[in-house]
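Hello,

Here is the structure I promised to pass on to you. Have a look at it first, and then read my notes below.

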Amino acid sequence: MTYTAAFVALNVILSTVVTIPIGIIRAAPVQHLINVLGAVLTGPWVIVQAFISSTIRVLFGTGTVFAYPGSMIGALAAWLLYKYTKKLSLAAMGEVLGTGVIGALSLYPLIIVLELDESLFTIVAAAFLVSSFIGAGLSFIILKQLEKHGVLLRI
C-alpha cells in the first residue's frame with residue numbers, strides 16, 4: 001500500500017507538469033508510466049492507484065472524466081499480462097493495449113452519454129494511444145534498468 005500511495009502522489013504531481021493538451025483532454029503519459037510501474041511493483045493495487053490518481057486529477061482540474069476508463073483498463077491489462085507472464089515488455093504492451101485500444105474504445109459510449117461531438121472520439125482515441133505508448137515505453141526503460149541492477153529482485 002505504501003508503493004500505491006507513493007505512486008498516486010507521483011502521478012498527481014507529475015501529471016500537472018507533464019501533459020499533452022489535445023482538444024478538451026490532457027494526455028498524461030505519466031499516468032501510463034506509473035501504471036506499468038505499479039503493475040509490476042504493486043500487483044492488483046495498481047487498479048486502486050489508477051482510480052485514486054484519476055479522481056484527484058479530476059478534482060484538481062488536471063484531468064477529465066476520460067481519465068477513468070483509460071487509466072483503469074490500462075492498469076488492469078498491464079497487471080494481468082505481467083502477472084501471467086512475468087515479462088516487463090508485456091506489462092508495457094498491456095498498458096498500451098488496455099488504454100490505447102480498449103480504453104479508447106470504451107470512451108465512445110461515454111462521449112455519447114455526455115452528449116459531446118462524436119468526432120471528438122478520434123482525437124481522444126489518438127491521444128490515448130500516443131500517451132500510453134510514451135508512458136509505457138518510458139516505464140519499460142526504467143524497469144529494465146531496475147532489473148539489470150537487481151533492484152526488482154529485492155522489492
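Let me begin with residues 94–114: this span is 95% helix and 0% strand, and its end C-alpha atoms lie 28 Å apart. Helices here are DSSP runs of H or I with at least four residues, strands are runs of E with at least two, and both are numbered from the N terminus. This is a predicted model, where local features need pLDDT of at least 70 and side-chain atom pairs count only at pLDDT 80 or more, while totals for chains, interfaces and linings use all residues. Residues are numbered from 1 along each chain as its sequence is written, and side-chain values use heavy atoms, leaving out hydrogens and water.

The unreviewed UniProt entry lists 94–114 among its "transmembrane region" features, along with 6–25, 32–52, 58–82 and 120–143; such annotations may be inferred rather than shown by experiment. Residues 58–82 are 76% helix and 0% strand, with end C-alpha atoms 28 Å apart.

Now for the inside. Buried means under 20% relative accessible area, exposed over 50%, and partly exposed in between (1.4 Å probe, protein chains only).

Finally, F51 sits in helix α3 (residues 45–60), and F51 counts as partly exposed because its relative accessibility is 41%.

Enjoy exploring!
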